[in-house]
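Please look through the sequence and the 3D structure below before reading on.

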Amino acid sequence: MSDLGSEELEEEGENDLGEYEGERNEVGERHGHGKARLSNGDTYEGSYEFGKRHGQGTYKFKNGARYTGDYVKNKKHGQGTFIYPDGSRYEGEWADDQRHGQGVYYYVNNDTYTGEWFNHQRHGQGTYLYAETGSKYVGTWVHGQQEGAAELIHLNHRYQGKFMNKNPVGPGKYVFDIGCEQHGEYRLTDTERGEEEEEEETLVNIVPKWKALNITELALWTPTLSEEQPPPEGQGQEEPQGLTGVGDPSEDIQAEGFEGELEPRGADEDVDTFRQESQENSYDIDQGNLNFDEEPSDLQD
């Protein structure tokens, strides 16, 4: 996805009026319904009040982006839909020109995020659906990142625990469709990423590694939500969320010391046997390689 988006150029201000056709008030201000072709090449059609965009309107940017929705004193405020140059779009609430409140972002790769926004960023409770695999992250977001209590749901199993910086940390559990749970914890470990020359410093990547502790029957899971802190102001076109931490769901979860895969077995298999085999073993979760940088640029709309 391009870093260049619809928010590179600000909407024209009240002093850059351009050409106008429409209603005016007794003092000559734009007031009521009207059409404007602005000096930067953008266009606006909709409601005005005392010379400013106010009420319902459609603003079309010369780069192909488009906003349709509510305005308050020249700023996007209320319900609105913003379509970005790359085809991604946001539908939801706005406040003071920022994505703010409840909204849905449709990414160019067909991923979607549905949930809370604060100062243009994913913040609060939300669900991110990975279109390619069907997996989804359901839980807490902080400053645009997966952080806090959450559930990562895959086709035939799910992980429940806490996330930090998009990675699982601390105690958690895997819930399998065969009717059992594997409890354990994620511990941070150092892994070498590579070394081009002997004299160069070896690159080290800190990754979480799953340590299985025991197997139990299914139990009700209730997330513990931490008190949220408002994020700093951030702007820009959203990038798809890379699936990290618990691995690419398209990859199999391999069990150390087992010939097979740690996946739900047939319904006729004995859960007690699975518990006995898995006890005291650690399981490596293959790390996904889909990474992305949040908010690639500070863009204005």
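The term pLDDT stands for the predictor's confidence in each residue, on a scale from 0 to 100, and a contact means heavy atoms within 4.5 Å. This is a predicted model, in which local features need pLDDT of at least 70 and side-chain atom pairs count only at pLDDT 80 or more, while totals for chains, interfaces and linings use all residues. Residues are numbered from 1 along each chain as its sequence is written, and side-chain values use heavy atoms, with hydrogens and water left out.

**Confidence**

- The mean pLDDT of the protein is 77, and 64% of its residues reach 70 or more.
- Over residues 1-9 the pLDDT is below 50, and the model gives this stretch 42 contacts beyond near neighbours in sequence.
- Residues 273-301 also have a pLDDT that stays under 50, and for them the model has 111 contacts beyond four places in sequence.
- Where pLDDT is low, the predicted coordinates should not be read in detail.

**Overall make-up**

- The protein has one helix and 18 strands, where helices (H or I, at least four residues) and strands (E, at least two) are DSSP runs numbered from the N terminus.
- Of the 301 residues, 43% count as buried, a word that means under 20% relative accessible area, with exposed meaning over 50% and partly exposed lying in between (1.4 Å probe, protein chains only).
- Among contacts between residues at least 6 apart in sequence, 41% join residues at least 24 apart.

**The largest nonpolar core**

- A nonpolar core is a set of buried Ala, Val, Leu, Ile, Met, Phe, Trp, Tyr and Cys residues joined through side-chain atoms within 4.5 Å; the largest one here has 33 residues, and those with the most contacts inside it are F82, Y128 and Y137.
- Strand 16 (residues 203-217) supplies the largest share of this core, namely three residues.
- At least three residues of the core come from each of domain 1 (17-97) and domain 2 (109-191 + 205-217), with bounds that come from an automatic or database domain assignment.
- Leaving aside residues up to four places away in sequence, Y128 touches several others, among them Y107, R122, Y137, W141 and P240.

**Aromatic rings**

- The structure holds 29 aromatic pairs; rings of Phe, Tyr and Trp (its six-membered ring) pair if their centres lie within 6.5 Å, and planes under 30 degrees apart count as stacked, over 60 as edge-to-face and the rest as tilted.
- Y67 and Y71, both buried, form an edge-to-face pair at 5.3 Å centre to centre with 85° between the planes.
- Y174 and W210 have ring centres 5.0 Å apart and planes at 85°, so this pair is edge-to-face.
- Because Y174 lies in strand 14 (residues 167-176) and W210 in strand 16, the pair ties together parts that are 36 residues apart in sequence, and both Y174 and W210 are buried.

**Loop residues**

- N119, in the loop between strand 9 (112-118) and strand 10 (121-129), has a positive phi of about 50° although it is not a glycine, and N119 is buried, with a relative accessible area of 17%.
- N165, in the loop between strand 13 (157-164) and strand 14, has a positive phi near 55°, and N165 is exposed, with a relative accessible area of 51%.
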